[in-house]
Structure formats: structure tokens, C-alpha cells
Amino acid sequence: MAPFTASYRNFNTNACVWSAALSTSSCGGSKTDSVNNDQAWQTQELNGNDRNRLRWVQQKYMIYNYCADAKRFSQGLSPECKRSRF
């Protein structure tokens with residue numbers, strides 16, 4: 001149903017700002033720390049309760065899942081679609 005517009009209400013974020021010139025972030029990490037942290041999240045897993053909560057949110061709020069749209073992406077789905085959902 002594209003084109004479409006996404007918007008957020010009451011969205012708050014707590015983020016760090018990366019400085020390439022200084023190779024540090026506003027949270028105090030270095031590039032090495034950042035790489036290690038980037039890899040660490042990839043090995044985290046959800047427990048059963050968290051998986052159920054995620055499924056509930058997807059069923060209630062997810063409108064479109066491009067990983068399920070093989071018709072539109074007949075040339076092949078994105079690499080992230082091949083990963084386990086949970």
C-alpha cells in the first residue's frame with residue numbers, strides 16, 4: 001500500500017552520539033567498545049515470556065512484514081529475513 005507515512009507519538013529515546021573525529025561516543029565508549037557491544041547484542045536471546053510479548057505486539061500492531069512478501073521481493077528476501085524470528 002505504498003507510499004505510506006510512519007509517525008510516532010510519545011517516543012523517547014536515550015541514545016549516544018558517535019564522534020568519528022574523536023573515535024568516541026557521548027556515552028564514553030571507544031570504537032573498540034562499540035564493536036564489542038554491537039556484536040554482543042547479536043548473541044542475546046529472548047526468554048519465553050519475552051517471545052510471547054513480542055508475538056502479542058506483532059499480532060496487535062504490525063501492519064506489514066516485508067519478510068512475508070515474497071510476491072513483491074521475488075528476487076529474494078533480505079538477509080535478515082532468513083534469521084530466526086526469535
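This talk walks through one predicted chain, from its overall layout to a few side-chain details.

Some ground rules. The model is predicted, so I use local features only at pLDDT of at least 70 and side-chain atom pairs only at pLDDT 80 or more, while totals for chains, interfaces and linings use all residues. Numbering runs from 1 along each chain as its sequence is written, and side-chain values use heavy atoms, with hydrogens and water left out.

Layout next. The chain has two helices and two strands. From the N terminus, the order is β-β-α-α. These elements are DSSP runs: helices are H or I with at least four residues, strands are E with at least two, and numbering starts at the N terminus.

Now burial. Of the 86 residues, 5% count as buried. Buried here means under 20% relative accessible area, exposed means over 50%, and partly exposed is in between, with a 1.4 Å probe and protein chains only. The accessible surface comes to about 8,400 Å². Carbon and sulfur atoms hold 52% of that surface. Those areas come from the Shrake-Rupley method with a 1.4 Å probe; for residues, only the protein chains shown count as cover.

What about contacts along the sequence? A contact is heavy atoms within 4.5 Å.

Asn-10 sits in the segment before β1 (18–19). Its phi is near 50°, a positive value in a residue other than glycine. Asn-10 is exposed, at 79% relative accessibility.

Next, charges. How many salt bridges does a search of the whole structure find? One. The cut-off is a side-chain nitrogen of Lys or Arg within 4 Å of a carboxyl oxygen of Asp or Glu. The partners are Asp-50 and Arg-53, at 3.9 Å, N to O. Both are in helix α2 (residues 48–61), and because they are three residues apart, about one helical turn separates them. Asp-50 is partly exposed at 27% relative accessibility. Arg-53 is exposed, at 54%. As background, side chains of opposite charge can pair when their charged atoms come close.

Now past the helix. Which cysteines does a disulfide join? Cys-67 and Cys-81, with S to S at 2.0 Å. The cut-off for a disulfide is a pair of cysteine sulfur atoms within 2.5 Å. The whole-structure search finds one disulfide. The angle about its S-S bond is -75°, and the link is left-handed. Both cysteines lie in the segment after α2, so the pair ties together parts that are 14 residues apart in sequence. Cys-67 is partly exposed, at 27%. Cys-81 is buried, at 18%.

Last stop: Asp-69, also found in the segment after α2. Asp-69 is buried yet has no salt bridge. The nearest side chain of opposite charge is Arg-72, 4.2 Å away. For charge, Lys and Arg count as positive and Asp and Glu as negative; His and the chain ends are not counted.

What does the side chain of Asp-69 meet, then? The backbone nitrogen of Arg-72 lies 3.1 Å from one of its polar atoms. The side chain of Tyr-64 makes a polar contact with that of Asp-69, at 2.6 Å. A polar contact is a pair of N or O atoms within 3.5 Å; within protein, one must be able to donate a hydrogen and the other to accept it, and residues adjacent in sequence count only if both atoms are side-chain atoms.

Tyr-64 is placed in the segment after α2. Tyr-64 is partly exposed, at 41%. Leaving aside neighbours within four places in sequence, Tyr-64 is in contact with Asp-69, Arg-72 and Phe-73. With the same exclusion, Asp-69 is in contact with Tyr-64 and Leu-77.
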